[in-house]
Amino acid sequence: MGRSVHSNDEEHETKDIASVTSSRRHGSGETMHKVGPPSKNNLMKEFKTTMKETFFSDDPLRPFKDQPRSKKFVLGLQAVFPILDWGRSYSFSKFKGDLIAGLTIASLCIPQDIGYAKLAGLLPQYGLYSSFVPPLIYAFMGSSRDIAIGPVAVVSLLLGTLLQAELDPDLNPIEYRNLAFTATFFAGVFQFTLGFLRLGFLIDFLSHAAIVGFMGGAAVTIALQQLKGLLGIKKFTKNSDIISVMQSVVGSARHGWNWQTILIGVSFLTFLLTAKYIGKKYKKLFWVPAIGPLISVVVATFFVYITRADKDGVQIVKHIDQGINPSSLKKIYFTGKYLTVGIRIGAVAGMVALTEAVAIARTFAAMKDYQIDGNKEMVALGTMNIVGSMTSCYVATGSFSRSAVNYMAGCKTAVSNIVMAIVVMLTLLVITPLFKYTPNAILASIIISAVVGLLDYEAVILIWKIDKFDFCACAGAFFGVVFIGVEMGLLIAIAISFAKILLQVTRPRTAVLGKLPRTTVYRNIEQYPEATKVPGVLIVRVDSAIYFSNSNYIKDRILRWLTDEDEQLTAQGLPQIQHVIVEMSPVTDIDTSGIHALEDLHKSLHKRDIQLILANPGTAVIDKLHTSKVDDVIGHDKIFLTVADAVRSCHPKSTIDEV
């Protein structure tokens, strides 16, 4: 009995194989291959394959294969702490490069951190705190050799805007600060969770065009807000949109501006922009814009101190707490009314910080030809922000300007972050009292010169040339940030990105194919005007998987192609269409709705005495057609390997291949 069943299975399998390889000869003398159902995969195996490709496409467990338990333990530690891997080959020559790079980015980050903290609505020392602990954590856990960690302008602005929508930092300074730590904690949790669950692909849903627009809008908003410090305005709007800011600037023009402050701010802004231009034009002078901010702070502070310009209305930093990061674990809201607010703000800030850091890491990894594990990066960034929130830091991430300087300065490994953190630590322990007379105008100048690089007009022009819908996403994000606010601009960027995805999924491209002369190749007649249509045959290519979201559209679009074609043939007095061939090479998958749409299409064509023919359906598609018995409805002899085979079946005695 067992043998009989086994024999029947073998016979059935043989028939399936025969259906795949069966062929017929036609006048052209070429073999026509037919398409049969593939061998059935085990359900569990198919599920495991799908899950692996979704969450483990980079095959992270490959190094552990066939290794002894002790070796697996070491590899596991190296996976969590990459420094244990590359640290074994670390040398003095590499340290020299990292030392120079670390000192260079430290000179850039110290004045920037003070300004960025004010941008986030926090006291200056919190910016310095955020460039001490997070870079140390990242150096041990991160996989990028070039990224420089610390506060950045865009995230500082976003965090400050979201926090100030809930609390006034002047009226509720303690609650505001604690909410910042809470948001930082949950930003880290959000980042860590994405990386640990290997959901890093989710951040790719924010398109490059939307990010360019959002960054550009944020740069304009940040620069406008610095007019308060640059012009010496005391009463300034807390809104970030351009209309509110300009009203505040113009409204205070008569009595609110301070000429000494303007002189300091404009002079040093000119110096910083000139230094930036020199560094960009002459690559070997990259250090000029890197040390420019620190030189500006030293000179401006000394100038204010000896002239006592602060008594003439020049606003100064006044006081920065001395000492390294105090503990803030007990200041995080794990309960109460601010918990949900902290989670929401943290998730938004964490996503933007994550997107920026991963983009920067991938950019420099490509330049140096090494690989970045996006999920490991997220775990590292999440861990450093979780620890940072417990040590008086706010959201830190990768800084593009500092990473570029780090790269140009010749960094070799993440040790440059450790060097930078040590310099910041020494600054906190020794130098902070010297910043007392630093004018706010110089901090405003430093921030404006830093965010100028976020206005990537070349990328905008390229986006316009390549994809107009992408340009709409870019423009929508930009104007949303500038005219409405940072949070709304981000929402617009996300909404337009998703709208593009939905549009592409629900309205996939289709094309009518024609035959290239003297070949058996069929291509889009719009792309290849020399391609000719086959008499009595309409060949349509579907350039997408067929799902519930687009199945009815695809069916209706094919019928509209047919209607348009018949009208043209009638006007020319030519025979009507008798065969519709659907080229399915690009159709990677099909679901139940897609199956029903094919059935409906077959019925509609059958009523018009038109035969539906399928060409080159993939493994997943033919498997589902076979399982649903739709191939029986359409006809096994109406499913072909190529369009040429399908056309020959419509004209078996013609010499169409010779045309």
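Guide: In this predicted model, a helix is a DSSP run (H or I) of at least four residues, and helices are numbered from the N terminus.

Visitor: Which helices each supply at least two residues of the lining of the second largest pocket?

Guide: There are H5, H6 (124–129), H8 (153–164), H9 (173–196), H11 (227–231), H19 (440–451) and H22 (486–506). They carry the name helix because each is a DSSP run of at least four residues.

Visitor: And how much space lies in that second largest pocket?

Guide: About 1400 Å³. Its lining has 44 residues, and the closest to the centre include Lys 118, Gly 121 and Gln 164.

Visitor: What makes Lys 555 count as buried or exposed?

Guide: Buried means under 20% relative accessible area. Lys 555 comes in at 17%, so it counts as buried. You'll find Lys 555 in helix H23, residues 551–572. Beyond its sequence neighbours within four places, Lys 555 is in contact with Ala 597, Asp 600 and Leu 601.

Visitor: Which residues line the largest cavity?

Guide: Lys 555 is one of them, and others include Ile 546, Ser 551, Val 582 and Leu 601. H23 and helix H24 (592–607) each give two or more residues to that lining. The space there is about 60 Å³.

Visitor: Why is it called a cavity and not a pocket?

Guide: A cavity is a set of points where a 1.4 Å probe fits but cannot get out, whereas a pocket is an open set.

Visitor: What makes E8 mostly covered?

Guide: Five of its five residues are buried. His 579, Ile 581 and Glu 583 point one way, with Val 580 and Val 582 pointing the other.

Visitor: What makes a set of residues a nonpolar core?

Guide: Its members are buried residues of kinds such as Leu, Phe and Val, joined through side-chain atoms within 4.5 Å. The largest nonpolar core has 85 residues, with Leu 159, Phe 214 and Val 424 touching the most other members. Helix H5 (residues 92–119) brings the largest share, nine residues. Apart from that core lies another, of 31 residues, including Ile 546 and Val 582. In soluble globular proteins, nonpolar side chains tend to be buried together.

Notes
Residues numbered from 1 in each chain as written. Predicted model: local features only at pLDDT ≥ 70, side-chain atom pairs only at ≥ 80, totals over all residues. Heavy atoms only, no water. Buried < 20%, exposed > 50% of the residue type's maximum accessible area, 1.4 Å probe, protein only. 1 Å grid on protein atoms, 1.4 Å probe; cavity = no way out; pocket = protein on both sides within 12 Å on 5 of 7 lines; lining within 4 Å. Points joined across faces, edges and corners; volume = space filled by probe spheres on them. Contact = heavy atoms within 4.5 Å.
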